[in-house]
Amino acid sequence: MTTRVEIWTDINCPFCYLGKARFEEALAGFDHRDDIEVVHRSFELDPGLPAGETGPVIPRIAAKYGISVEQAAANERAIGAQAAQLGLPYQTTGRDYGNSFDMHRLLHFALEQGKQDAVLDALYAGNFAETEPVFADTERLVALAVRAGLDEAAVRAVLADPDAYADAVRQDEREATQLGATGVPFFVFDNKYAVSGAQPTEVFTHALTTAWNDRPAPLVITAESDGETCGPDGCEI
């Protein structure tokens, strides 16, 4: 019997990048890690952003949160320092922002292909670790998805069809609202326990342990001898 962990994230979110690494640290040290199923869910930080709009992220952060450009830049440096502690590369300047809906559609396609985690890692790397812009650029998105192991023609077909996996993204977002998630990352363990934010690794270890120990006990059939039963083909006499 497995424990299911669902993680709501957005590629625009630096703390989702850090939170994934901290969760994976906890998972790597968890005795039952092979019995943990991880599924990534969609959450857009800027769902109303036009698909073609992009630009430098630091002025965008400053305007969105009502802080100075200098403070936004300092915040990026602080996040970069946290990333370095986890061994994660992080570009503190030069990053862009943009609408992430197509990325989420691709992640749902990748889930069907068994490559969701690899595609998410590629998108995070493209956004946070590499200098080349990642938003509002179909060719860049295709390249990242292919690098993660998806078929190029299939990726292009998904991106060319705006309805492909769109309902799945919206369903994830509705579920996040129902769960009370107002920000990401947001982790849900076996639909019982939630952890909000890029918490320290030990918090995720505790959540994994709690969820694992709270699994329902499997049904054990005990009998000294087999009794008479009926099945699809009739009753044994």
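**Reading pockets and salt bridges**

Mentor: The second largest pocket is lined by 15 residues; Ala-51, Asn-99, Asp-102, Ala-136 and Leu-141 lie nearest its centre. Keep in mind that this model is predicted.

Trainee: Which elements give two or more residues to that lining?

Mentor: They are α4 (101-112) and α6 (138-147). The most comes from α4, with three residues.

Trainee: How do I picture empty space in a protein?

Mentor: Rolling a probe the size of a water molecule over the atoms shows where empty space is left. Here, the second largest pocket has a volume of about 260 Å³. Its lining splits into nine nonpolar, two polar and four charged residues.

Trainee: How much space lies in the largest pocket?

Mentor: About 410 Å³. It has 19 lining residues, and the closest to its centre are Asn-12, Pro-14, Leu-45, Ile-61 and Tyr-65. Two or more residues come from each of α1 (14-28), α2 (57-65) and α3 (69-85). The largest share, five residues, belongs to α2.

Trainee: How many residues of that lining are nonpolar, polar and charged?

Mentor: Twelve are nonpolar, two are polar and five are charged.

Trainee: Now salt bridges. How do I spot one?

Mentor: Look for a side-chain nitrogen of Lys or Arg within 4 Å of a carboxyl oxygen of Asp or Glu. The whole structure holds 20 salt bridges. Take Lys-20 and Asp-117: their closest N and O atoms are 3.1 Å apart.

Trainee: Which parts does the pair of Lys-20 and Asp-117 tie together?

Mentor: Lys-20 sits in helix α1 and Asp-117 in helix α5 (residues 116-129), so the pair ties together parts 97 residues apart in sequence.

Trainee: Is Lys-20 buried or exposed?

Mentor: Lys-20 is buried, because its relative accessible area is 6%, and buried means under 20%. Asp-117 is partly exposed, at 33%.

Trainee: Where do Arg-41 and Asp-172 lie?

Mentor: Arg-41 lies in strand β2 (residues 36-42) and Asp-172 in helix α8 (residues 166-179). Their side chains meet in a salt bridge, 3.8 Å from N to O. The pair therefore ties together parts 131 residues apart in sequence. Both residues are buried. They also belong to a salt-bridge network with Arg-4, Glu-6 and Glu-37.

Trainee: What do Arg-60 and Asp-46 form?

Mentor: A salt bridge, at 3.5 Å from N to O. Arg-60 is in helix α2 and Asp-46 in the loop between β2 and β3 (54-56), so this pair ties together parts 14 residues apart in sequence. Arg-60 is partly exposed, with a relative accessible area of 25%.

Note on methods: Residues numbered from 1 in each chain as written. Predicted model: local features only at pLDDT ≥ 70, side-chain atom pairs only at ≥ 80, totals over all residues. Heavy atoms only, no water. 1 Å grid on protein atoms, 1.4 Å probe; cavity = no way out; pocket = protein on both sides within 12 Å on 5 of 7 lines; lining within 4 Å. Points joined across faces, edges and corners; volume = space filled by probe spheres on them. Helix = DSSP H or I, 4+ residues; strand = E, 2+ residues; numbered from the N terminus. Nonpolar A, V, L, I, M, F, W, Y, C, P; charged D, E, K, R; others polar. Buried < 20%, exposed > 50% of the residue type's maximum accessible area, 1.4 Å probe, protein only.
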